[in-house]
Structures are given as C-alpha cells and as structure tokens.
Amino acid sequence: MKKLDTWFNIPENSDFTIYNLPFGIFSTENSSPRAGVAIGDSILDLAALAEKEIIAVSPSVLKQETLNEFIALGKHITKNVRLDVQSLLVQKDSPLKDLPELFIPQDKAQMHLPVHIGDYTDFYSSIEHATNVGKMFRDPENALLPNWRHIPVGYHGRASSIVVSGTPIKRPKGQILPKNASAPVFEASSKLDFELEMGFITAKNTNLGESVSTSQADDYIFGLVLFNDWSARDIQKWEYVPLGPFLGKSFGSSMSPWIVTLEALEPFKVAGPIQEPEVLPYLKYEGEKNYDIVLEVTIVPKDGDEQTVSTSNYKYMYWNMAQQLAHHTINGCNINIGDVMASGTISGKDETSYGSMLEISWGGSKPVTLKDGSKRTFIEDYDTVIMRGFAEKDGVRVGFGEVSGQILPNN
C-alpha cells in the first residue's frame, strides 16, 4: 500500500484517514444538505469545492439531499473525485490550504441518510449466526435448514423505516404469544434486539430481466455502511411462519452516515470460508471477496457507562457481497442506485463475537451484566446501542465511524 502523507491534521486512530475519504450528506445552520467527504474530525464540503471548479463535477449534483445523482455519474467519475480530493490533501501547494472555510467540524454538522433508498434487502449470511438460531429454535443436530449452504437466504425489507445514526427508535408493539398460551396478546415487545450487520449500497441500475454476475458485482457496489437491523424477537417468533419477517423487523433499522467506498477497502480483502457443498455455477467467484473489518457493539444504559458486548468481524461471512448480488438478480429482479443490501447478523465462532442479544444471552438464559450492575437479556428502554467498525493493516486505518440508536418507550 502506497504511503501517503497529508498536511491536514488527522487525530491518531481516526477512522477518517487520508486512505479512507468516505462520502456522506451533511448540513449546517448555514447550509442545506450537500455532499461531503470525511477527513479526520472534519467534513470537506464537496459542493463548495465544485463551485470553485477545483473538482470537475457540477455543483448542482453535489447540492442534492442524497448522493444518488453523484453515484449515478458512474465509478469512473466518483473514483476520480475521491482520488482528486486525496491528492489535494497531500499536495504541499494545495489550494485547499487557503480555503479553511471548506472544512466543517463534524460536531457542527448534522448528518443525513446518504442515499435515497428505494429498496432494502436483508440477507442471512453468517453461518455461525444461522447455526446458533437453529440450535435455539430447531433441532440442534440439524441447525441449518437444507437450503442454507446452497443459496444466500434473504428477504425484502422495509426501506422507509431505515434511519440515519442517532435517530431514536420507539419500542414496537404487536402480537405476541406468551409461553404456554394458545392465543396471542397485544403488547410492547419485551425482547427487543440489535443485529450487527453491514450493508452495501448499489451503484448502478439494471433493467427488469437482467442479472449481475459475481464477476460484475464490484462495478455495481458503491460502498459499505454499518447497519443495525433492530429486531423484536417475540413479535417475530409469532408472525414469521409461513411467510417470514414483517412487524418484528419493519419498525426500524439504523444506518451509519458515511459510505466507505470499495476502493478504500481494497487493501483489506481476505479469503472467505470454504463453501461446502460446491455452489451452483452462477454463485462461483474468483479472488478474495471477504473483508477484514473489525466490528464492535456497545450498550450505554441511561445515565450509565458504555459496555462492550460483542467484538466480531465481517470476514466471517459465509456468503459474500458478490454472491448476494448475483443471487438477488439471477431471477431478473432489477436494482436501482441507492438500494441497500444488508449482510444479516454477523457472528463469529465464540460467545464474545456473537452479533445479537438473542445469541449473547442465549435466548434470555444468560444475562449480561453492565458496568452499573444492571443485567440485560435484551435491550431496555433508554438503552443506546452503538456499533463501530474499522479495517487496519500495515499502519493504515479505514473506518466507518459509528451507528447508534436509543430505544424509547412506546406508551
């Protein structure tokens, strides 16, 4: 990896290094939503950069409330914008040195959902997570359903309830079947859970009837975000047979505001697990398609201290993004720029790396003790869940910041 030195001040262990430069949408008291790039503790205003003709993109494209129009310019443009910004932050005679007003402190900006999300798909691609859930709710000796090793299982979710990091989530209500009961009751969920996931943002449209191959997939993926797919386990358990998740999932999902590009993540590619039995031809791929991204989940109780409850890694995924996209489109399903496809809960092989409270507390039988002495089997009112992620290699760090959300009561 080429060593880069920047004149811009970047704090030690920052996620937003010169090697990263993720894209997002921000606003301030004095400006409407617009495109920016994260660098250190600041945001470089891309729209202002374009207005000064320092980058070759129409300012109007960068003054939108989402990145969809910018992404639609194509990777040959978006890649160059990122590289141009990188060069400007490295050049000793950079014109940016005389334009400090183009750098906005992140703590003075409000972040927004970076894309207009037309459709959202949630996969179920961690073999460790699927096995744990299967052991809890089915025959432990046959935890995985027969199709699991043959297809990247997924479902079409609710796009309208995806919110940007920091947005509170109200505890959902719904039908719940109490233990040993024969009829459901209507009440607020008492088994509210997080799901540690990553999502990818699509970069191209396809027409109905077209498919994207695993070899083409990278061209159709703009970048990745952290994703918390909140889940009401008690509502979900009652409703998901025979058709699958509905009210237990659609009440809210939280997404980080910065999209880290595939180009920034290229150095962190690793081989995925061996897939047995051999997959069908359309799911075969060449090269390394998994990513070594360290993930962490913490819980912050009301007026309490932050407690780490999970440390996992995106590299554990059994089904990779290329396979997910190839499977999603193999039937001719069309995709649009800004669609979000989430990984499904990311769990590792041991208890410290489980990606949901369902697994961490093993269905509620193993409570977690927080620093204030309180115990958790699931998420309680006023708890804040924070997820973080970063990749690091040879002293180079590329991170995602965080996605957080507080649970509020629904009286």
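## Cavities and pockets: worked exercises

Lys-289, Asn-290, Tyr-291, Tyr-314, Met-317, Trp-319, Asn-320 and Met-321 line the largest cavity. The model is predicted.

**Exercise 1.** State how many cavities of 30 Å³ or more the structure holds, and describe the lining of each.

*Solution.* 
1. The structure holds two cavities of 30 Å³ or more.
2. The largest has a volume of about 50 Å³. Its lining divides into five nonpolar, two polar and one charged residue.
3. The second largest cavity has a volume of about 40 Å³. Asp-218, Lys-289, Tyr-291, Met-321 and Ala-322 line it.

**Exercise 2.** Describe the largest pocket: its volume, its centre and the elements that line it.

*Solution.* 
1. The volume is about 1100 Å³.
2. The pocket is lined by 43 residues. Nearest its centre lie Val-133, Phe-137, Gln-236, Lys-237 and Tyr-240.
3. Strand S6 (120-123), H5, strand S7 (154-157) and helix H6 (233-239) each give two or more residues to the lining.
4. By class, the lining has 23 nonpolar, ten polar and ten charged residues.

**Exercise 3.** Find which residues of helix H5 (residues 127-137) are buried, and name a helix that helps cover them.

*Solution.* 
1. The buried residues are Ile-127, Glu-128, His-129, Ala-130, Asn-132, Val-133 and Gly-134.
2. Their cover includes helix H10 (357-360).
3. Return to the largest pocket. Val-133 is buried in H5, and Val-133 is also among the residues nearest the centre of that pocket.

Note on methods:
Residues numbered from 1 in each chain as written. Predicted model: local features only at pLDDT ≥ 70, side-chain atom pairs only at ≥ 80, totals over all residues. Heavy atoms only, no water. Buried < 20%, exposed > 50% of the residue type's maximum accessible area, 1.4 Å probe, protein only. Helix = DSSP H or I, 4+ residues; strand = E, 2+ residues; numbered from the N terminus. Contact = heavy atoms within 4.5 Å. 1 Å grid on protein atoms, 1.4 Å probe; cavity = no way out; pocket = protein on both sides within 12 Å on 5 of 7 lines; lining within 4 Å. Points joined across faces, edges and corners; volume = space filled by probe spheres on them. Nonpolar A, V, L, I, M, F, W, Y, C, P; charged D, E, K, R; others polar.
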